[in-house]
Amino acid sequence: MKFINTAGILLLVSGLAACDMFSNPSAEIPDSELRSKWRECKSLSNPSRTKALACDNYDRECDRRKGKGNLACY
């Protein structure tokens, strides 16, 4: 029984390590595409909840890039 629990834990940990669950999908977007999506978000007056979450992610990615000296969105 202890072997099964240990094997299950190892399988779970290796599965989590295999998928990059902590990566930021917005970090993969090229500057020009990010700028376009960011500008589109700025023009929306009443975005859906899903679009608002996406726009928040674009804002954070723009700020992250700005902190690194990349003014892609500004």
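This is a predicted model: local features need pLDDT of at least 70, side-chain atom pairs count only at pLDDT 80 or more; totals for chains, interfaces and linings use all residues.

A crossing of two helices is called left-handed if the near helix is turned anticlockwise from the far one by less than a right angle, and right-handed if clockwise. Residues are numbered from 1 along each chain as its sequence is written, and side-chain values use heavy atoms, with hydrogens and water left out.

The protein chain has three helices and zero strands; helices here are DSSP runs of H or I with at least four residues, strands are runs of E with at least two, and both are numbered from the N terminus. Of the 74 residues in the chain, 16% are buried, meaning under 20% relative accessible area with a 1.4 Å probe, protein chains only.

Let us turn to one helix pair. Helix α2, residues 31-43, passes α3 in a left-handed crossing. Their axes come within 9 Å and cross at roughly 130 degrees; axes are lines fitted to C-alpha atoms over the stretch in contact, and angles run from 0 to 180 degrees between N-to-C directions. The two helices are therefore oblique to each other, since angles under 35 degrees count as roughly parallel, over 145 as roughly antiparallel, 65 to 115 as roughly perpendicular and the rest as oblique. Among the residues making the contact are Asp31 and Leu34 of α2 and Arg65 of α3, where contact means heavy atoms within 4.5 Å.

Is Arg65 buried or exposed? Arg65 is buried, with a relative accessible area of 7%. Its side chain makes a polar contact with the side chain of Asp31 at 2.5 Å; such a contact is a pair of N or O atoms within 3.5 Å, and within protein one must be able to donate a hydrogen and the other to accept it, with residues adjacent in sequence counting only if both atoms are side-chain atoms. A polar atom of the Arg65 side chain also lies 3.5 Å from the backbone oxygen of Ala27.

Finally, Ala72 lies in the segment after α3. Ala72 is buried, with a relative accessible area of 2%. Not counting residues up to four places away in sequence, Ala72 touches Asp31 and Arg35.

Note on methods. Buried means under 20% relative accessible area, exposed over 50%, partly exposed in between (1.4 Å probe, protein chains only).
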